[in-house]
Amino acid sequence: MVAVLALAASGAALAFTNPSPQDFKSYAGGQLVALISDELCGGGLPMVLQLWVKNCPRLIRDQEPALAELAGQFSRRLNLGLASIYTTELGGQDLLPTLRLPEYSVRTLGIAGQFVILHSSSDAGKIE
């Protein structure tokens, strides 16, 4: 009887702490800032843009609210009650004739107020 009550209490606690879509957007925005900073600011920008952009990491960091909204728009949530699985697919758009954004696909588990990336993949984009 005690084990059943403990199991029920644990399930209720997990359901209560299942992260919301807003929580996921905040998490995903931070992850996108880190990912894009690594990709672009680590030498991924064309030379012309490197001359124009003086503080690349700050420029990307300032876009975190917009990136969080973007992640929310391109994510699907599978609510399992005790946990949620978010699938995000974005990128691949051509910005310029010689610059295509990398395409990212990420599957994330949200449980107990935390997020764990289950699977991620990307292509390299196109910068000439």
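## Lys25 and Glu69

Lys25 and Glu69 form a salt bridge, with 3.1 Å between their closest N and O atoms; the term requires a side-chain nitrogen of Lys or Arg within 4 Å of a carboxyl oxygen of Asp or Glu. The pair joins distant parts of the chain, 44 residues apart: Lys25 belongs to helix H2 (residues 21-41) and Glu69 to helix H5 (residues 64-73). Helices (H or I, at least four residues) and strands (E, at least two) are DSSP runs, numbered from the N terminus.

Lys25 is buried, with a relative accessibility of 17%, whereas Glu69 is partly exposed at 40%. Buried means under 20% relative accessible area, exposed means over 50%, and partly exposed lies in between (1.4 Å probe, protein chains only).

## Arg58 and Asp62

Arg58 and Asp62 form a salt bridge whose closest N and O atoms are 3.9 Å apart. Asp62 is partly exposed at 46% relative accessibility, and Arg58 is partly exposed at 46%. By the rule used here, the count is two salt bridges.

## Model and confidence

The model is predicted: local features need pLDDT of at least 70 and side-chain atom pairs count only at pLDDT 80 or more, while totals for chains, interfaces and linings use all residues. Residues are numbered from 1 along each chain as its sequence is written, and side-chain values use heavy atoms, leaving out hydrogens and water.

The protein chain has a mean pLDDT (the predictor's confidence in each residue, from 0 to 100) of 78, and 70% of its residues reach 70 or more. Confidence is highest in strand E1 (residues 75-79), at a mean of 94, and lowest in strand E7 (residues 126-127), at 48.
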